[in-house]
Amino acid sequence: MGFPDRIERTVEIAHPPAKVWAALTTAEGLGTWFGNQANIDLRPGGTAEMKWDEGHKANMRVERVEEPEIFGFTWNIYGLPDEDPRRTYVEFTLVPNDGGTRLTVVESGFSQLPDEAHQVAFEGNTKGWAAELGELIEYLDAA
């Protein structure tokens with residue numbers, strides 16, 4: 001159908017990969033910059049959950065863990081009911097860069113959706129990643 005299938009964002013972070021990795025892969029990190037509360041079983045096939053004070057919840061399945069370079073998970077698609085089996089795949093790639101980290105996040109799998117659901121999910125997550133990556137940097141700068 002010609003829909004964009006992926007969102008990709010790259011940010012330069014003035015912190016070493018180990019610190020960024022911890023922010024991405026620990027309950028404390030995820031529950032501070034990404035959600036308001038989190039738990040994670042950091043292994044392929046492990047589960048993770050994030051909760052927000054507003055009542056929203058995200059259930060994730062850890063798919064890829066290659067410390068300290070790649071972390072990937074699948075999660076429910078924004079705008080669809082929680083019981084919908086379709087998921088998108090999110091992958092973070094960390095590359096050392098001049099004493100800091102170049103972080104790239106790619107979320108893919110949007111092309112499986114029909115027109116209206118695609119628009120809601122793709123636009124919502126495009127805005128979401130811009131905001132969340134900013135919150136990640138604020139979290140790391142404050143730590």
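This is a predicted model: local features need pLDDT of at least 70, side-chain atom pairs count only at pLDDT 80 or more; totals for chains, interfaces and linings use all residues.
In what order do the seven strands of the open sheet stand, and is their pairing parallel or antiparallel?

View 1. Seven strands are arranged in the order 1-7-6-5-4-3-2, and they pair in the antiparallel sense. From one strand to the next, the twist averages 20°. Strands of a sheet pair through backbone hydrogen bonds, in either a parallel or an antiparallel manner.

**View 2. Strand 6 and strand 7, with the loop that lies between them.** Nine bridges connect strand 6 (residues 87-97) with strand 7 (residues 100-108), and the pairing is antiparallel. Within this pair, Val-105 of strand 7 stands opposite Phe-92. The loop between strand 6 and strand 7 contains Asp-98. Although Asp-98 is a residue other than glycine, its phi is positive, near 50°.

View 3. Strand 2 and strand 3 run antiparallel and are joined by four bridges; Ala-38 has Met-50 in strand 3 as its bridge partner. Six residues lie between the strands in this hairpin, where Gly-45 adopts a positive phi near 90°. Strand 3 is in turn joined to strand 4 by five bridges, and these two strands also run antiparallel. Here Asn-59 in strand 4 stands opposite Glu-49. The hairpin of strand 3 and strand 4 has five residues between the strands, and Gly-55 takes a positive phi near 105°.

**View 4. The cis peptide bond between Glu-67 and Pro-68.** The bond that joins Glu-67 and Pro-68 has an omega of about 0°. Pro-68 is placed in the loop between strand 4 and strand 5.

**View 5. Helix 1 and helix 2 against the sheet.** Helix 1 (residues 17-25) lies across strand 1, strand 2, strand 4 (57-66), strand 5, strand 6 and strand 7, and runs at about 160° to strand 6. Helix 2 (residues 27-34) also packs on the sheet, where it touches strand 2, strand 3 (47-51) and strand 5. The direction of helix 2 makes about 150° with that of strand 2.

**View 6. The contact of helix 1 with helix 2.** The axes of helix 1 and helix 2 are 5 Å apart, and the helices pack at an angle of about 80°. The two helices are therefore roughly perpendicular to each other. Helix 1 contributes Ala-22, Ala-23, Leu-24 and Thr-25 to the contact, and helix 2 contributes Ala-27, Gly-29, Leu-30 and Trp-33. By class, six of the residues in this contact are nonpolar and two are polar, with no charged residues.

**View 7. The largest pocket and its lining.** The volume of the largest pocket is about 360 Å³. Its lining comprises 16 residues, of which Trp-52, His-56, Trp-75, Tyr-78 and Asn-125 are the closest to the centre. Strand 5 (70-76) and helix 3 (115-142) each provide at least two residues of the lining. Helix 3 supplies the largest share, five residues. By class, the lining has eight nonpolar, six polar and two charged residues.

Conventions
Residues are numbered from 1 along each chain as its sequence is written. Side-chain values use heavy atoms; hydrogens and water are left out. On a 1 Å grid over the protein atoms alone, a cavity is a set of points where a 1.4 Å probe fits but cannot get out, and a pocket is an open set with protein on both sides within 12 Å along at least five of seven lines; lining residues have an atom within 4 Å of a point. Grid points are joined across faces, edges and corners, and a volume is the space filled by probe spheres set on the points. Ala, Val, Leu, Ile, Met, Phe, Trp, Tyr, Cys and Pro count as nonpolar, Asp, Glu, Lys and Arg as charged, and the others, Gly among them, as polar. Two strands pair if DSSP finds at least two bridges between them. Axes are lines fitted to C-alpha atoms, for helices over the stretch in contact, and angles run from 0 to 180 degrees between N-to-C directions. Contact means heavy atoms within 4.5 Å. Angles under 35 degrees count as roughly parallel, over 145 as roughly antiparallel, 65 to 115 as roughly perpendicular and the rest as oblique.
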